Amino acid sequence: MQRKGAENLGWERALELLRERAQPIRIGQITASDRSWTYTFFLTEDGGALVACAGVRLAAEQMSDRPEFLRP
């Protein structure tokens, strides 16, 4: 992300928290309704607690190859 200059939120802290955790995790993803941001969240194995969350802004060119009905 850094090499490509993608704007992101919380990835450094998320990586710190994940490195500290020895137990398995679950991973999920949510994309904003306008498809400008994608958020990844990391849950405990049973899904009962949030371990970390981070987001990345999608570049305009990444959004342009999506089908018309998915564009904002």
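Q: What share of the 72 residues in the chain do buried residues make up?
A: Buried residues make up 24% of the chain. Here a residue is buried at under 20% relative accessible area, exposed at over 50%, and partly exposed in between (1.4 Å probe, protein chains only). This is a predicted model, in which local features need pLDDT of at least 70 and side-chain atom pairs count only at pLDDT 80 or more, while totals for chains, interfaces and linings use all residues. Residues are numbered from 1 along each chain as its sequence is written, and side-chain values use heavy atoms, leaving out hydrogens and water.

Q: Which pattern does the chain follow along the sequence?
A: The order is β-α-β-β-β-α, with two helices and four strands in the chain.

Q: What makes the residues of the largest nonpolar core a core?
A: A nonpolar core is a set of buried Ala, Val, Leu, Ile, Met, Phe, Trp, Tyr and Cys residues joined through side-chain atoms within 4.5 Å. The largest one here has eight residues: Trp-11, Ala-14, Leu-18, Phe-42, Val-51, Ala-52, Ala-54 and Val-56.

Q: How do you know where the buried residues of H1 fall, seen down its axis?
A: The buried residues of H1 are Trp-11, Ala-14 and Leu-18. Seen down the helix axis, they fall within an arc of 60°, so they line one face of H1; the arc is taken from the directions from the helix axis to the C-beta atoms. The face turned away from that buried side carries the exposed residues Glu-12, Arg-19 and Glu-20.

Q: What covers the buried residues of H1?
A: The cover includes strands S1 (8-9), S2 (25-31), S3 (37-44) and S4. Contact means heavy atoms within 4.5 Å.

Q: Why is Thr-40 called buried rather than exposed?
A: Thr-40 has a relative accessible area of 11%, so by the cut-off for buried residues it counts as buried. Thr-40 is found in strand S3. Leaving aside neighbours within four places in sequence, Thr-40 is in contact with Trp-11, Ile-27, Gly-28, Gln-29, Ala-52, Cys-53 and Ala-54.

Q: Why is the meeting of the Arg-57 and Glu-7 side chains called a salt bridge?
A: The term asks for a side-chain nitrogen of Lys or Arg within 4 Å of a carboxyl oxygen of Asp or Glu. Arg-57 and Glu-7 meet at 2.8 Å, N to O, so the pair qualifies. Arg-57 lies in strand S4 and Glu-7 in the segment before S1, so the pair ties together parts that are 50 residues apart in sequence. Both ends are partly exposed: Arg-57 has a relative accessible area of 37% and Glu-7 one of 42%.

Q: How many salt bridges does the structure hold?
A: It holds two. Besides the Arg-57 and Glu-7 pair, the side chains of Glu-16 and Arg-13 meet at 2.9 Å, N to O. Glu-16 and Arg-13 both lie in helix H1, three residues apart, about one turn of the helix. Glu-16 is partly exposed at 39% relative accessible area, and Arg-13 is partly exposed at 46%.
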